[in-house]
Amino acid sequence: MVITNTSDTYGSVTKLFHWVTVLLILSLFALGLFASNLADQVRAAEGGASQSLIDWTALLFSMHKTLGVTLFLTALARILWALTQTKPGLLNGDTVLESRAAETVHWLLYGSLVTVPLAGWVSHAASAGFAPIWWPFGQSLPYVPKSEYVSEIAATLHYILQWVLAGAIGLHVAGALKHHVIDKDATLRRMLPGHTPGQPTTMQPGHVLPFVAALIIWAAAVGGATGLGWFAHTTPEAQSAALEEVASEWQVTDGTLSIEVVQMGSQISGSFAEWTADIAYDGSDAPGPRGSVAVTISIPSLSLGGMTDQALGADYLDAATHATATFTADLLREADVGLIADGTLHIRDQSVPLRLPFDLQIDGDTAMANGSVRVDRRDFDIGQSVSDEGTLGFGVEIRFDLIATRPD
């Protein structure tokens with residue numbers, strides 16, 4: 001068996017790349033379809049989807065993403081190999097329209113084999129979660145920020161370009177069958193196992209016009225989607241649990257309140273967009289009570305990437321029933337520990353004692369504070385149906401970072 005290409009047939013390495021790519025594409029389309037259907041069922045489930053349905057959805061998406069990365073790397077390797085090889089000529093290069101159409105389809109195939117999985121990979125890397133890639137790399141990508149907007153754009157490109165790829169595959173298969181059944185030449189047999197040469201025609205279509213035609217098709221697909229508004233950024237609807245302003249001794253002017261969970265071994269971070277803090281603090285360095293804090297959090301304002309809908313569902317934070325969570329505490333300075341917010345965290349219908357250590361710096365009338373604490377979701381009846389910590393970790397890390405000013 002010939003390993004490298006010749007002018008009249010393909011070598012075994014090129015054939016291996018071709019059929020591995022075919023297998024990956026078929027698997028990816030099937031997995032993507034099944035996973036998307038299950039995701040629709042999860043979103044449509046009244047009262048929250050069953051954990052088994054969520055687990056199956058995550059599993060299929062993880063398989064899809066993992067094989068997608070595999071396809072991307074395989075496509076790159078295939079292209080690099082092709083650059084080192086002789087390209088067997090077309091057997092019908094003297095039929096101008098048909099041969100140029102075939103070359104255009106080849107450009108669409110090669111380009112889509114790179115851009116489709118890459119767009120999906122970028123969408124995953126930019127999102128805060130759902131369903132990890134199983135390779136020991138690729139959860140994040142260089143120069144790809146954690147941004148739901150970037151993730152949406154990449155996901156839309158992934159969706160559009162996959163149909164360009166599907167159309168190119170359909171035309172490629174139809175062309176191969178036409179050569180085999182109607183023309184009865186060796187075009188298809190050259191890519192099958194064994195050594196089947198075919199004599200190319202003297203005239204060949206060239207690459208410039210087919211490449212330009214492929215660019216026009218890609219541009220038309222993306223431009224059409226843009227015209228339909230597919231790339232318009234969707235912002236969350238205004239939350240019904242609007243929080244009243246508080247008259248606080250220290251007014252929070254800037255800050256973040258974030259959480260971190262572990263799902264299927266991957267860390268997923270999110271934050272609450274709406275929360276208020278009523279803070280009283282006397283600024284003394286002496287041990288003992290130094291003030292108080294009362295924090296109110298709008299649960300529907302949580303953004304947790306691909307897990308947001310699940311996190312707000314009935315089995316988790318149950319935002320529809322319990323729109324706010326609260327933390328009320330005394331601010332203590334302890335000799336061996338430092339500053340502690342010692343109080344009670346109330347989520348859903350559960351109240352749990354909580355000691356939150358924090359650091360504080362005061363410069364005149366401006367204070368900067370940050371701290372973190374780890375809680376067990378089971379103490380608040382969150383995700384009770386998920387008893388496997390490998391699926392969803394029991395621990396939830398809560399962090400805050402704020403700047404507050406004291407009015408004159």
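## Exercises on cavities, rings and charges

The second largest cavity is lined by Gln51, Ile54, Asp55, Ala58, Phe130, Gln263, Met264, Gln310, Thr391 and Leu392. The model is a predicted one, in which local features need pLDDT of at least 70 and side-chain atom pairs pLDDT 80 or more, while totals for chains, interfaces and linings use all residues. Residues are numbered from 1 along each chain as its sequence is written, and side-chain values use heavy atoms, without hydrogens and water.

**Exercise 1.** Find out which helix gives the largest share of the lining of the second largest cavity, and describe that lining by class.

*Solution.* 
- Start with the term: a cavity is a set of points, on a 1 Å grid over the protein atoms alone, where a 1.4 Å probe fits but cannot get out, and its lining residues have an atom within 4 Å of a point.
- Helix 2 (residues 51–83) gives the largest share, four residues. Helices here are DSSP runs (H or I, at least four residues), and strands are runs of E with at least two, numbered from the N terminus.
- By class, the lining has five nonpolar, four polar and one charged residues. Asp, Glu, Lys and Arg count as charged, Ala, Val, Leu, Ile, Met, Phe, Trp, Tyr, Cys and Pro as nonpolar, and the others as polar.
- The volume of this second largest cavity is about 50 Å³, where a volume is the space filled by probe spheres set on the points, joined across faces, edges and corners.

**Exercise 2.** Now turn to the largest cavity: how many residues line it, and which lie nearest its centre?

*Solution.* 
- The structure holds three cavities of 30 Å³ or more, and the largest has about 820 Å³ of space.
- Its lining has 48 residues, with Leu257, Ile297, Ile398, Arg399 and Phe400 nearest the centre.
- By class, 43 of the lining residues are nonpolar, three polar and two charged.

**Exercise 3.** What kind of aromatic pair do Phe72 and Trp121 form?

*Solution.* 
- Rings of Phe, Tyr and Trp (its six-membered ring) pair if their centres lie within 6.5 Å; planes under 30 degrees apart are stacked, over 60 edge-to-face, and the rest tilted. Eight pairs are counted by this rule.
- With centres 5.7 Å apart and 75 degrees between the planes, Phe72 and Trp121 are edge-to-face.
- Phe72 belongs to helix 2 and Trp121 to helix 3 (residues 96–126), so the pair ties together parts 49 residues apart in sequence.
- Phe72 is buried at 11% relative accessible area, and Trp121 is buried at 9%. Buried means under 20%, exposed over 50%, and partly exposed in between (1.4 Å probe, protein chains only).

Technical notes
1 Å grid on protein atoms, 1.4 Å probe; cavity = no way out; pocket = protein on both sides within 12 Å on 5 of 7 lines; lining within 4 Å.
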